[in-house]
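Colleague: I am new to this one. Could you show me how to read it, feature by feature?

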Amino acid sequence: MAKEGLRYTLFSRRALLVAGLQGLAITILGGRLYYLSIVQGAKYRLRADENRISTRLLSPERGRILDRFGSAIADNRRDFQVYLIPEQTGKVSQTLAKISKMIKLQPHQIARVEEQASRQRKFIPVQITDGLNWQDFSRLNAEVADLPGVYPDEGMIRYYPHGQEFAHIVGYVAAPRAEDLDISKDPLLLLPGFKIGRQGLEKRFEDTLQGSAGRKRVEVNAVGREVRELPPRQEASEGTDLRVTLDSDLQKYVNKRLGEEAAGVVVIDITNGDVLALASTPSYDPNDFIGGMSRENWQSLLNDPRKPLLNKCTGGQFPPGSTVKMLVALAALEKGLIKPNTRFTCEGKHELGDHTFHCWQRKGHGAVDLKTAIARSCDVYFYHIAELLDIDDLAKSARRFGLGVKYDIGIDGERRGLVPDRGWKLATQGEKWQLGETLNVSIGQGAMLATPLQLAVMMARLASGNMVEPRLIFNEGKLDISKSVQFQSLGIAPQYMDFLHQAMAGVMRPQGTAYDVRRPKSAPQLAGKTGTAQVRRITMEEREKGVLKNEDIAWASRDHGVFVGYGPVVDSRYAVAVLMQHGGGGRAAAAVGRDILDFAIANQSGLQPKKQGSAALNSAATGGQYG
Amino acid sequence: MGSARMFAPRRTDKNWWQRLLGLNWFIILLILILGGFGVAMQYSVAGGSFEPWARIHLIRLLPTMLLMLVIAATDIRIWFALAYPAWIGGLALLLAVELIGATGMGGQRWLDLGIARLQPSELMKVATILALARYFHGLDFYQSRRLFNLLPPLFLIAVPVLVVIRQPDLGTGLMIFAVGAITIFMAGARSYIFWSGGAVLAITPWVIWPMLRDYQRDRILTFLNPESDPLGAGYQITQSKIALGSGGMSGKGFLQGTQSQLNFLPEMKTDFIFTVVVEEFGMLGGFALLGVCLIILGYGILIGLGCRNQFGRLLSVGLSFTLFMYIFINVGMVMGLLPVVGVPFPLVSYGGSAMITFMIAYGLILSVASHRDVSLAPKGSGLG
């Protein structure tokens with residue numbers, strides 16, 4: 001049948017045409033494959049590597065902060081954390097809800113993560129929580145496989161082993177704020193969980209403590225999860241340890257001794273100016289700040305009338321009270337206005353014009369010489385001196401002993417105190433100095449203000465006759481803890497030095513203001529001076545500002561107790577300043593000061609650690625002067 | 001019969017077993033290898049695990065191969081008789097998914113059979129070719145060239161195409177249209193229809209472009225230049241090209257494909273399985289896979305050329321072209337030559353529907369092969 005033949009011929013021709021087109025199409029595909037794989041293979045291999053290889057910063061281990069013996073007061077410990085990458089997870093709130101079924105999350109943590117996730121760029125991981133225990137961590141590891149953008153990690157985290165005892169010195173670290181990120185372009189700050197110093201030494205020495213970031217290359221999958229690491233890795237270089245002059249044992253003892261008081265205590269090694277203890281109570285636990293603090297905790301710290309956030313040793317200014325009397329006496333002696341045996345009669349009050357100045361001893365001290373006036377802290381005697389002494393000379397003497405001077409020992413917020421004189425009065429109030437003000441200043445009241453640190457320096461200078469400069473930071477980690485520093489002499493005549501030393505020793509003798517807290521004859525003897533600072537005027541100001549609540553006024557209107565002292569009297573080593581806010585007077589402060597000096601002497605504070613922990617340092621230290 | 005000289009008479013009265021044994025077992029082996037390779041690739045995209053896909057792929061492979069053999073050994077006269085009923089049945093299934101089908105992949109395409117989800121649109125490709133072959137078998141050379149006689153086949157094509165596009169599954173609809181057109185072409189319709197049709201298709205873009213809205217243009221531009229939107233619509237194709245190209249000559253090795261193992265590739269187990277093959281086995285692996293497919297497809301065309309009845313010729317070449325369309329669109333799409341329309345690579349991509357379609361189609365081709373000398377009733381009035 002011809003029709004069938006025609007039909008077949010046409011079919012086969014067209015089938016072959018279609019087959020040919022198919023062959024051509026497959027050939028085109030093959031050519032395309034050749035083009036992609038061979039011609040452009042290198043380009044695509046590179047792009048595949050760009051896909052899978054990600055360079056990640058390695059967080060450097062933060063330098064530790066060590067006390068003088070190398071014992072850590074700010075340390076790092078291993079910690080388990082879990083992170084969230086906003087762009088890889090669907091809805092952050094849903095992911096958090098799923099995670100909170102696996103581990104416990106506080107509402108404020110969830111709020112912080114959501115806030116951070118909305119603020120930061122979406123590819124930057126956000127730390128959900130840290131401080132996970134191993135059980136939670138391993139369970140999370142197994143379960144988050146289904147949660148894109150969530151990954152557990154382990155790393156080092158700041159840890160303050162002594163908690164609140166060093167809080168005002170070391171400060172704390174916390175996550176960088178938005179403004180920190182604006183200032184510093186360091187990509188390290190963007191590392192999730194990275195913390196920077198916010199207070200104290202942590203803040204001041206951020207640059208050296210921080211170290212520099214390392215880099216590692218990792219293979220990541222499409223959701224950015226790390227699959228494996230590709231060597232080589234450039235390790236992070238860890239931060240430099242910071243060595244401070246503190247003696248942990250003494251610092252801890254001081255804290256324990258102060259207990260619940262609102263107080264500031266500074267202990268200085270007279271021979272080299274090392275700050276051995278610097279304690280401010282009440283305190284706070286810097287560990288609470290690391291993971292972010294809840295608003296309530298922060299508010300309660302802020303509103304506490306005893307100001308736990310304030311470093312009272314360097315940032316608190318108080319009227320020094322009678323502790324300045326040695327300086328007043330010395331200024332008068334050096335000017336030749338009085339002699340040690342000059343006597344004035346105290347009847348409990350002193351008239352100047354139509355104003356009456358009272359002695360703390362209302363019934364009067366009778367006729368007293370200078371030594372007795374210091375030992376018994378007779379105010380009237382010093383009113384007499386003040387009538388002879390020019391305020392500018394008094395101020396010069398105060399500055400010579402370190403009042404009104406800023407030392408910048410390494411902690412931000414250090415204050416200068418105030419040594420008033422004519423120039424100051426004119427500059428600040430535009431008025432002439434009045435003699436009555438000199439009378440107030442001569443007993444450490446009036447406008448005069450000092451920090452406990454300054455009072456400790458004053459004591460160290462009085463004890464040694466040298467320009468003792470306080471230091472908190474050891475330079476470059478090179479240190480010889482027992483070495484004394486050659487300070488310049490203050491140039492005080494030896495007989496005056498001896499006289500002042502005897503007068504201060506008299507404070508602890510019969511009828512001295514600190515006789516109650518004297519030491520047994522057999523023990524190394526101490527010397528010092530008590531002081532009581534009236535705070536009523538300050539309280540009035542504060543009350544006007546509404547800072548204090550009514551129920552606090554009883555406590556808040558009590559006097560500050562001040563004590564400065566040193567010991568032992570022979571070969572003096574330790575100078576202490578104690579300020580007890582509303583501590584009821586100098587005697588209570590003197591009891592604390594005595595116990596601290598006793599402890600320091602008994603344990604050779606600053607020369608060797610109390611425990612037999614660091615043997616090497618210990619043996620090196622015992623060769624010291626006070627062994 | 002005039003054709004007696006052209007086609008030497010052969011034995012046409014083989015029984016079921018004889019037909020089964022007479023099948024081209026080399027080709028069947030190649031199909032088994034292709035499916036087995038699919039199992040290996042499913043093992044790879046699961047990160048080196050039989051679970052979940054490789055095992056199911058294997059479980060589907062064996063019964064569907066058995067189905068293919070049964071179809072192959074079944075008398076072609078039965079398929080001849082069932083051609084129109086199959087088209088009607090396929091259409092009924094298509095309409096069924098409109099009513100009871102579960103929603104998936106953005107359109108109602110699935111019919112849940114319990115053990116597997118069936119895409120009736122896949123079956124419809126085969127059924128349409130069956131019906132067209134059956135129809136043109138009944139027309140002689142001159143009848144085939146009459147324009148009026150193209151109305152019934154146009155109906156056979158247009159109805160399923162419109163239903164499928166309405167689902168909406170534009171890709172499958174166009175594919176049914178394409179294989180239908182090719183079948184009509186080979187059946188002997190006048191060629192000017194195809195030249196002019198081709199010309200119209202060629203100028204369509206230039207006519208349509210000014211009528212498109214901005215977002216539609218953006219989609220087209222993104223297809224033409226996927227790198228312009230690497231995280232959006234172009235992401236898939238960009239990642240696929242990276243995977244293909246980075247495989248180089250001989251690939252990164254089995255289970256070593258970084259793009260696939262690290263999940264940069266989208267839809268790896270289905271649409272982009274060829275990409276995984278090339279990433280892990282390189283250009284040579286891709287050529288080998290395409291080579292095997294060429295042999296399998298080419299055999300289908302050879303069967304058609306050697307068949308004594310028009311039904312068998314159109315059926316085997318049409319089905320072979322259908323399978324070619326799968327491969328061409330799939331590979332062209334992963335290489336960025338064609339838009340991503342969701343066409344699987346036969347037997348290698350994961351998915352039961354495409355596998356069943358392949359096995360039915362190739363079973364019919366093999367059936368044509370074992371009945372190449374059978375002369376079917378010219379008007380298709382019986383089995384005879």
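**Reading the two chains**

Colleague: Where do we start with chain B?

Modeller: With contacts. Two residues are in contact if their C-beta atoms, placed from the backbone, lie within 7 Å. In chain B, take contacts between residues at least 6 apart in sequence: 69% of them join residues at least 24 apart. Keep in mind that this is a predicted model: local features need pLDDT of at least 70, side-chain atom pairs count only at pLDDT 80 or more, and totals for chains, interfaces and linings use all residues. Residues are numbered from 1 along each chain as its sequence is written, while chains are lettered from A and ligands numbered from 1 in the order in which they are written.

Colleague: How many helices and strands does chain B have?

Modeller: Helices (H or I, at least four residues) and strands (E, at least two) are DSSP runs, numbered from the N terminus. Chain B has 15 helices and 2 strands.

Colleague: What share of chain B counts as buried?

Modeller: A residue is buried if 20 or more other C-beta atoms lie within 10 Å of its own, exposed if 12 or fewer, and partly exposed in between; again, C-beta atoms are placed from the backbone. Chain B has 384 residues, and 49% of them count as buried.

Colleague: How do I read backbone angles?

Modeller: Most residues other than glycine have a negative phi, and most peptide bonds are trans. Look for the exceptions. The bond from Thr281(A) to Pro282(A) is cis, with omega near -10°. Pro282(A) sits in the loop between β12 (275-281) and α11 (287-290) of chain A. In chain B, the bond from Glu51(B) to Pro52(B) is cis, with omega near -5°. Pro52(B) lies in the loop between α2 (25-45) and α3 (53-73) of chain B.

Colleague: Which phi value does Gln511(A) have, and is Gln511(A) buried or exposed?

Modeller: Its phi is near 75°, a positive value in a residue other than glycine. Gln511(A) belongs to the loop between α21 (494-506) and β17 (527-533) of chain A. Gln511(A) counts as exposed because it has 11 C-beta neighbours inside 10 Å.

Colleague: And Asp571(A)?

Modeller: Phi of Asp571(A) is near 50°, also positive and not in a glycine. Its loop runs between β18 (560-567) and β19 (574-580) of chain A.

Colleague: How many residues of chain A are in contact with chain B?

Modeller: 38 residues of chain A are in contact with 47 residues of chain B. On the chain A side, α1 (2-39) and α2 (41-52) each supply at least two residues. α1(A) gives the most, with 24 residues.
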